[in-house]
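Here is a short report on one protein chain. Please look over the sequence and the model, then read on.

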Amino acid sequence: MFPAKANDDTANNLKNSTCEIKDDLSNAANQAGRKVRSLYNTASDDITDASERVTSEIRTNPVRSAAIALGVGVLLGALLRR
């Protein structure tokens with residue numbers, strides 16, 4: 001039916017296309033991984049900063065911090081009771 005040369009060319013084209021798609025997917029996955037890692041690092045830094053600020057505020061104003069914690073606890077208790 002088809003000449004052997006045409007079958008070989010088609011097979012080579014399919015292999016090349018498959019390799020190109022594989023490379024494109026690999027590059028896209030690497031870029032996505034880098035973006036996720038960057039977002040994770042940024043979020044981690046922000047959480048660390050917030051934690052340090054909260055710790056500093058508690059040490060600076062322990063009575064006010066305890067009062068706020070008590071108020072939040074009462075509110076959560078009331079909401080969870082319903």
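## Nonpolar patch

Ile 68, Val 72, Leu 76, Leu 79 and Leu 80 make up a nonpolar surface patch. Patches are built from residues with over 30% relative accessible area and no salt bridge; nonpolar side chains (Val, Leu, Ile, Met, Phe, Trp, Tyr) are joined within 5 Å, like charges within 9 Å. Accessible areas come from the Shrake-Rupley method with a 1.4 Å probe, and for residues only the protein chains shown count as cover.

Leu 76 sits in helix H2, residues 62–81. Its relative accessibility is 47%, so Leu 76 counts as partly exposed. Buried means under 20% relative accessible area, exposed means over 50%, and partly exposed lies in between. Leu 76 and Pro 62 are 14 residues apart in sequence. In space, their C-alpha atoms are 21 Å apart.

## Basis of the model

This is a predicted model: local features need pLDDT of at least 70, side-chain atom pairs count only at pLDDT 80 or more, and totals for chains, interfaces and linings use all residues. Residues are numbered from 1 along each chain as its sequence is written, and side-chain values use heavy atoms, with hydrogens and water left out.

## Charges

A search of the whole structure finds one salt bridge. A salt bridge is a side-chain nitrogen of Lys or Arg within 4 Å of a carboxyl oxygen of Asp or Glu. Here the partners are Arg 64 and Glu 57, at 2.2 Å from N to O. Glu 57 is partly exposed, with a relative accessible area of 33%. Side chains of opposite charge can pair when their charged atoms come close.

A patch of negative charge on the surface gathers Asp 45, Asp 46, Asp 49 and Glu 52. Asp 49 belongs to helix H1, residues 4–60. Asp 49 has a relative accessible area of 38%, so this residue is partly exposed. Over the chain there are 11 positive and 10 negative side chains. The centres of the two sets lie 11 Å apart. Lys and Arg count as positive, Asp and Glu as negative; His and the chain ends are not counted. Each charge is placed at NZ of Lys, CZ of Arg, CG of Asp or CD of Glu.

## Overall form

The chain has two helices and zero strands. Helices (H or I, at least four residues) and strands (E, at least two) are DSSP runs, numbered from the N terminus. Along its principal axes, the C-alpha trace spans about 90 × 35 × 5 Å.

Of the 82 residues, 1% count as buried. The chain exposes about 7,600 Å², with 60% supplied by carbon and sulfur atoms.

Key. Buried means under 20% relative accessible area, exposed over 50%, partly exposed in between (1.4 Å probe, protein chains only).
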